[in-house]
Amino acid sequence: MKEDDINQENPPQDAPFTIYVDESLKEGIYSNFAAVIHLQSEFLLDFIRLLPDQKQHPVKSRIVMTPDNAKRLAHMLMENVAEYERIYGPINIYGIEPAERTAPQEIIIPRKPKGKA
């Protein structure tokens, strides 16, 4: 998804809702490290900025999600990483050779039948 897709000034008439980025969030928060913690009923995603020569690194943002939304996020990230690598080439992860990477399991998100809440 591109940023233009999020900031729709003229969304389609049949769109159930619109999403926009509030002016205070447009700059974003830089993070170069993330930690994920899960409980039975929720996932916590902590985004941290690691700086050299620092002993403590504060969490810059924490997102709390339900397990089903966390799975949807994982699916969207995998789709976007695959698209990115298709366009720009493989993302090299330090310490992991491409041949050592395992293919992620397919994530299936069932759809609710029409007419049911």
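On a 1 Å grid over the protein atoms alone, a pocket is an open set of points where a 1.4 Å probe fits, with protein on both sides within 12 Å along at least five of seven lines; its lining residues have an atom within 4 Å of a point. The model here is predicted: local features need pLDDT of at least 70, side-chain atom pairs count only at pLDDT 80 or more, and totals for chains, interfaces and linings use all residues. Residues are numbered from 1 along each chain as its sequence is written, and side-chain values use heavy atoms, leaving out hydrogens and water.

Q: Which residues line the second largest pocket?
A: The lining consists of Ile29, Ser31, Leu45, Phe47, Lys60, Ser61, Ile63, Met65, Leu73 and Leu77. The volume of this pocket is about 260 Å³, counted as the space filled by probe spheres set on the points.

Q: What makes up the lining of the second largest pocket by class?
A: Seven residues are nonpolar, two are polar and one is charged. Nonpolar covers Ala, Val, Leu, Ile, Met, Phe, Trp, Tyr, Cys and Pro; charged covers Asp, Glu, Lys and Arg; the others, Gly among them, are polar.

Q: Which element gives the largest share of the lining of the second largest pocket?
A: Strand β3 does, with four residues. β2, β3 (59–65) and α2 each bring at least two residues to this lining.

Q: How many helices and strands are there in the protein?
A: There are two helices and three strands. These are DSSP runs, numbered from the N terminus: helices are H or I with at least four residues, strands are E with at least two. Along the sequence the pattern reads α-β-β-β-α.

Q: Why is aspartate 46 called buried?
A: Its relative accessible area is 5%. Buried means under 20%, exposed over 50%, and partly exposed in between, with a 1.4 Å probe and protein chains only. So aspartate 46 is buried. This residue sits in strand β2 (residues 43–48).

Q: What does aspartate 46 contact, leaving aside its neighbours within four places in sequence?
A: Aspartate 46 is in contact (heavy atoms within 4.5 Å) with Phe33, Ala34, Ala35, Ile37, Val59, Ser61 and Arg62.

Q: What makes the pairing of the side chains of aspartate 46 and arginine 62 a polar contact?
A: The distance is 2.6 Å. A polar contact needs a pair of N or O atoms within 3.5 Å; within protein, one must be able to donate a hydrogen and the other to accept it, and residues adjacent in sequence count only if both atoms are side-chain atoms.

Q: Why does aspartate 53 count as exposed?
A: Its relative accessibility is 83%, so aspartate 53 falls in the exposed class. Aspartate 53 is placed in the loop between β2 and β3. Its phi is positive, about 60°, although aspartate 53 is not a glycine.

Q: Why does lysine 60 count as partly exposed?
A: Its relative accessibility is 38%, so lysine 60 is partly exposed. Lysine 60 belongs to strand β3.

Q: How far apart are lysine 60 and isoleucine 48 in sequence and in space?
A: They are twelve residues apart in sequence, and 5.3 Å apart from C-alpha to C-alpha. Neighbours within four places aside, lysine 60 is in contact with Ile29, Phe47, Ile48 and Arg49.

Q: Why is asparagine 32 called partly exposed?
A: Its relative accessible area is 37%, so asparagine 32 is partly exposed. Asparagine 32 is in the loop between α1 (3–6) and β1 (33–38).

Q: Which residues does asparagine 32 touch, not counting those up to four places away in sequence?
A: Asparagine 32 touches Ile48, Arg49 and Leu50. Its side chain reaches the backbone nitrogen of leucine 50 at 2.6 Å.

Q: Why does arginine 72 count as partly exposed?
A: Arginine 72 has 32% relative accessibility, so this residue is partly exposed. Arginine 72 lies in helix α2 (residues 67–88). Its side chain makes a polar contact with the side chain of asparagine 69, at 3.1 Å.

Q: Why does glutamate 83 count as partly exposed?
A: With 36% relative accessibility, glutamate 83 is partly exposed. Glutamate 83 is in helix α2. Its side chain makes a polar contact with that of arginine 86, at 2.8 Å.

Q: How many residues does the protein have, and what share is buried?
A: There are 117 residues, and 7% are buried.
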